[in-house]
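Look at the fold below with its strands, its core and its surface in mind. The briefing takes these topics in turn.

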Amino acid sequence: MVCRMFRIEAEVDKERRDLLRARLRDTNTAASPVLAALRGTPAEREAPLHLWALDTAGDLAGGLVGHTWTTWLHVTYLWVDAAHRGAGLGTRLLAEAERIAATDRGCTASRLETWSFQAPEFYRKQGYEVVCVIPDYPPGITEYTLTKRLV
């Protein structure tokens, strides 16, 4: 075995981050025929998907932020103001994001993450299934990853 000396640095460096991302993408593309087939196609890029619900005064009542990539919708944030919870706004936002993803962007599935104190039951009621559970992340909280097939 060859022993080499390396200097390890801990610093935020956007140029190196971008280089690392590009090299990882190239490595992954070389190893995966599926990812290789995506290269150079519109599906290769993430496309933002943002929805905003405004109340009658024009204030933010809720919103959804996510993106589509390949055939997946990834919901990053879904939030409804406390004054508007229980009125179906979260359901409407999620359903509209799924509709846009499926109809306009050809997505066949959706994924998201939520914590135990947030909304795992809400998402289950919307047809999502738990595919990953990470206990104690962060300490005292469980993180769930859920997915749903879009039709």
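Two strands pair if DSSP finds at least two bridges between them. Helices (H or I, at least four residues) and strands (E, at least two) are DSSP runs, numbered from the N terminus. This is a predicted model, in which local features need pLDDT of at least 70, side-chain atom pairs count only at pLDDT 80 or more, and totals for chains, interfaces and linings use all residues. Residues are numbered from 1 along each chain as its sequence is written, and side-chain values use heavy atoms, with hydrogens and water left out.

**Strand pairing**
- Strand 3 (residues 72-80) and strand 4 (residues 109-115) run parallel and are joined by four bridges.
- In this pair, Trp72 stands opposite Ala109 of strand 4.
- Strand 4 also runs antiparallel to strand 6 (residues 143-149), with seven bridges between them.
- Here Ala109 stands opposite Arg149 of strand 6.

**Nonpolar core**
- A nonpolar core is a set of buried (under 20% relative accessible area, 1.4 Å probe, protein chains only) Ala, Val, Leu, Ile, Met, Phe, Trp, Tyr and Cys residues joined through side-chain atoms within 4.5 Å.
- The largest one has 22 residues, of which Leu49, Leu51, Leu64 and Tyr123 touch the most other members.
- Strand 1, strand 2 (60-69), strand 3, helix 3 and strand 6 each give two or more residues to this core.
- Helix 3 gives the most, with six residues.

**Trp52**
- Trp52 lies in strand 1 (residues 47-54).
- Trp52 is exposed (over 50% relative accessible area), because its value is 51%.
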